[in-house]
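Please keep the sequence and the model in view while reading.

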Amino acid sequence: MLSLFGLVLGLLLLIWLTMRGVNLFILAPLCALLVAVLNGVPFWLADNPANFVQGYMAGFSGFVSSWFLMFLLGALFGKLMEHSGAADAVALAIVRKLGKQRAVLAVVLSCAVLTYGGVSVFVVAFSVYPMAVSLFKDANLPRRFIPAALGLGSVTFTMTSAGSPEIQNWIPIQYLKTTPYAGWEVSLVVALLMAVLGYSWLMKLIRTAQAKGEQFDSRVADPVVDDKTLPHPVFGVLPLLVVLLLSYLLHDSMQQAALIVALTGGVLSLYLLNRQFLKNLGAALDQGATGALLAIGNTAAVVGFGSVAKLTPAFAAVVQTMTHLPGPELIGAAVAVSAIAGLTGSASGGQAIALPEIAPVYLERGVDPEQLHRVVAISSGALDSLPHNGYVVTTIRAICGESHQNAYWPVAAVTVVVPLLGTILAILLFQWGL
């Protein structure tokens, strides 16, 4: 009981203090240390990596080593879009085409195209944020809803849908021997539900805020749309297409490295097409590099907490219980993956921990592997988006410069509640034989 209490207490403190704006570089290791102390995990053992120091740093450094280049290139891509005026040009073109009242739709669709095209959800926000600021400014929408718009387009109906090249759709393949298009008919229906419901709900929240007098709040660091000459919108769209095309073409052969090549191609094409509009290339590169370090550091800090949590007896017990729930198999699988994803703050982490346990059991019971694949993928993208999730922290704080108190609840509506409803719909559709 003490072990379980320590794990839950550490998680709740992490969530609560994150909501109150405490620095994650300090908060995450302290909460992890609390979990370690209450679970009897030693502080340091030279001959055994199952200790607090090595466990935390293994999680922290492992994430940095795996994702630093993608974070860096994504941040540079976003800053070059901003400094060259390409983001402004694209934003203005979209506004003229869709109208200012559809600024949110433009942001959501931009994220959806990049995410479904293979750009990691961790870096999509870097690329789209400058355009989102311009769109929200032109439409005079409260900027605290930008993280929710980015999240709706990135980590809901695109991340876990059939055919998506994101790892959340690929992890089940090795355990279930399926394809990325498993359960595509149900996936299509669920994706439409999440997109329509999420967008409608977000727009309702924005209109409610506007009715209370909220409007766009300009900041000194925002990209300024003035009378300066902007590049043609095509020169802003082409680099996005380069990223999309390269990630699509290289994903099968290069896996994760495809993102590095795709983003490098995007940065180079953006520079070559718009170099005459870059007034201070050095400043853009410096700001991009600094932003990347802060963003990946915030995320890695939370990953380190999850690594310490995995060392505890309580964590093992929670995994065992969640992966052997009674009742319909698809419901049990969804609950198990969602709970573990919420505990670790990671959709991919929830899958990687739960699937080795639940896959053999459910397959032996005759559960359709394609149905299991799709339910696991969709359910992993729900409770993972609690306040301590790396993507949530990075998007709200490091990229958008908002506080959890102002920006998280709209994010929770579209990235937690909507995917949960999508999971329920998927299970019902499979039960009905679709």
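How much space lies in the largest pocket? The answer is about 560 Å³. The model is predicted.

## The largest pocket

The lining of the largest pocket holds 29 residues. Closest to the centre are Phe-63, Val-303, Ser-346, Ser-348 and Gly-349.

Several helices each supply at least two lining residues: H3 (52-84), H6 (121-139), H8 (167-176), H12 (281-309), H15 (347-364) and H17 (390-399). Which of them gives the largest share? H12 does, with 5 residues. By class, the lining has 12 nonpolar, 15 polar and 2 charged residues.

## The second largest pocket

The second largest pocket has a volume of about 410 Å³. It is lined by 22 residues. Lys-79, Glu-82, Tyr-129, Ala-398 and Ile-399 are the closest to the centre of this pocket.

Two or more lining residues come from each of H3, H6, H12 and H17. Those four helices are also among the suppliers of the largest pocket. In the second largest pocket, the lining counts 11 nonpolar, 5 polar and 6 charged residues.

## Cysteines

How many disulfides does a search of the whole structure find? The count is 0. Cys-111 is in no disulfide, and the nearest cysteine sulfur to that of Cys-111 belongs to Cys-400, 9.5 Å away. Cys-400 is likewise in no disulfide, with the sulfur of Cys-111 as its nearest cysteine sulfur. A disulfide needs the two sulfur atoms within 2.5 Å, so the 9.5 Å between Cys-111 and Cys-400 rules out that pairing.

Are these cysteines buried or exposed? Cys-111 is buried, with a relative accessible area of 0%. Cys-400 counts as buried too, at 2% relative accessibility.

## Ala-148 in helix H7

Ala-148 sits in helix H7, which spans residues 146-154. Is Ala-148 buried or exposed? Its relative accessibility is 0%, so Ala-148 counts as buried. The cut-off for buried is under 20%.

Which residues does Ala-148 contact, leaving aside neighbours within four places in sequence? The partners are Leu-202, Pro-410, Val-411 and Val-414. Phe-5 lies 143 residues from Ala-148 along the chain. The C-alpha atoms of Ala-148 and Phe-5 are separated by 32 Å.

Key. Residues numbered from 1 in each chain as written. Predicted model: local features only at pLDDT ≥ 70, side-chain atom pairs only at ≥ 80, totals over all residues. Heavy atoms only, no water. Buried < 20%, exposed > 50% of the residue type's maximum accessible area, 1.4 Å probe, protein only. 1 Å grid on protein atoms, 1.4 Å probe; cavity = no way out; pocket = protein on both sides within 12 Å on 5 of 7 lines; lining within 4 Å. Points joined across faces, edges and corners; volume = space filled by probe spheres on them. Nonpolar A, V, L, I, M, F, W, Y, C, P; charged D, E, K, R; others polar. Contact = heavy atoms within 4.5 Å.
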